[in-house]
Amino acid sequence: MEGDVFSGFGDRHNMDGKLLQNFQKSFVDVQDILDQNRLLINEINQNHESKQPDNLGRNVGLIKELNNNIRRVASLYGDLSHSFARSMDASSEGESSGTLKSDGKANQKRFRSG
C-alpha cells in the first residue's frame with residue numbers, strides 16, 4: 001500500500017534533478033557570457049582611449065558582439081524563468097489535487113487568494 005502512496009515521488013525527484021541540472025547549466029552559460037562581456041568591455045575601453053582610427057572602427061564590431069551577448073543572456077534568463085514557472089505550476093497542481101498520506105487520509109491543500 002505504501003508503495004502506491006509514494007510511487008510518484010521517484011518521478012518527482014527525477015524531474016527536480018533535471019530541472020536543477022538545467023538551472024546549473026544555464027547559470028554557467030550566463031556566467032561564461034558575462035565573463036566574455038567583461039573582456040569585450042575592457043577591449044572597447046582600451047580602443048576608445050587609444051583614439052586610433054583602426055581601433056575605433058574595431059569597436060563597432062565589438063559593440064555588436066557585446067549586444068548579441070546581452071540578448072543571449074536575456075534569452076537564457078527568460079528560458080530559466082519559463083522553466084521555473086512551469087515547475088511551480090506542476091508542483092502546485094500536484095499539491096492541490098489531493099494526495100494520500102501514509103496513514104491513508106486525504107491531504108488536500110487549499111490556497112487563499114489575496
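Colleague: Why is Phe 23 called buried?

Modeller: Phe 23 has a relative accessible area of 16%. The term buried applies under 20%, exposed over 50%, and partly exposed in between, with a 1.4 Å probe and protein chains only. Since 16% is under 20%, Phe 23 is therefore buried. This is a predicted model, in which local features need pLDDT of at least 70 and side-chain atom pairs count only at pLDDT 80 or more, while totals for chains, interfaces and linings use all residues. Residues are numbered from 1 along each chain as its sequence is written, and side-chain values use heavy atoms, with hydrogens and water left out.

Colleague: What makes Phe 23 and Phe 27 a tilted pair?

Modeller: The whole structure holds 3 aromatic pairs. In the pair of Phe 23 and Phe 27, the ring centres are 6.5 Å apart and the planes stand at 35°. Rings of Phe, Tyr and Trp (its six-membered ring) pair if their centres lie within 6.5 Å; planes under 30 degrees apart count as stacked, over 60 as edge-to-face and the rest as tilted. An angle of 35° belongs to neither the stacked nor the edge-to-face class, so this pair is tilted. Both residues lie in helix 2, 4 residues apart, about one turn of the helix. Phe 23, Phe 27, Tyr 77 and Phe 84 form one aromatic cluster.

Colleague: How is Phe 27 classed, and on what value?

Modeller: Phe 27 has 44% relative accessibility, a value in the in-between range, so Phe 27 counts as partly exposed.

Colleague: What makes the nonpolar surface patch that includes Phe 27?

Modeller: Phe 27, Leu 34 and Tyr 77 make this patch, of about 280 Å². Patch members have over 30% relative accessible area and no salt bridge; like charges are joined within 9 Å, and nonpolar side chains (Val, Leu, Ile, Met, Phe, Trp, Tyr) within 5 Å. Leu 34, which is found in helix 2, has a relative accessible area of 37% and is partly exposed. The areas come from the Shrake-Rupley method with a 1.4 Å probe, and for residues only the protein chains shown count as cover.

Colleague: How do you know that Lys 25 and Asp 29 form a salt bridge?

Modeller: Their side chains meet at 2.9 Å, N to O. The rule asks for a side-chain nitrogen of Lys or Arg within 4 Å of a carboxyl oxygen of Asp or Glu. The distance of 2.9 Å is within 4 Å, so the pair qualifies. Lys 25 and Asp 29 are 4 residues apart in helix 2, and are thus separated by about one helical turn. Lys 25 is exposed at 52% relative accessibility, whereas Asp 29 is partly exposed at 24%.

Colleague: How many salt bridges are there by this rule?

Modeller: The count comes to 3. One of them joins Asp 35 and Arg 38 at 2.9 Å, N to O. These two residues lie in helix 2, 3 residues apart, about one turn of the helix. Asp 35 is partly exposed at 27%, and Arg 38 is partly exposed at 47%.

Colleague: What makes the salt bridge of Glu 43 and Arg 58 a link between distant parts of the chain?

Modeller: The side chains of Glu 43 and Arg 58 meet at 2.8 Å, N to O. Glu 43 is in helix 2 and Arg 58 in helix 3 (residues 53–96), 15 residues apart. Glu 43 has a relative accessible area of 25% and is partly exposed; Arg 58 is partly exposed at 45%.

Colleague: Why is Asn 37 called buried, and which residues does it touch?

Modeller: Asn 37 has a relative accessible area of 6%, under the limit for burial, and is therefore buried. Asn 37 lies in helix 2 (residues 7–50). Not counting residues up to four places away in sequence, Asn 37 touches Leu 66, Asn 69 and Ile 70, where contact means heavy atoms within 4.5 Å.

Colleague: What makes up the secondary structure of the protein chain?

Modeller: The protein chain has 3 helices and 2 strands, which run α-α-α-β-β from the N terminus on. Helices (H or I, at least four residues) and strands (E, at least two) are DSSP runs, numbered from the N terminus.
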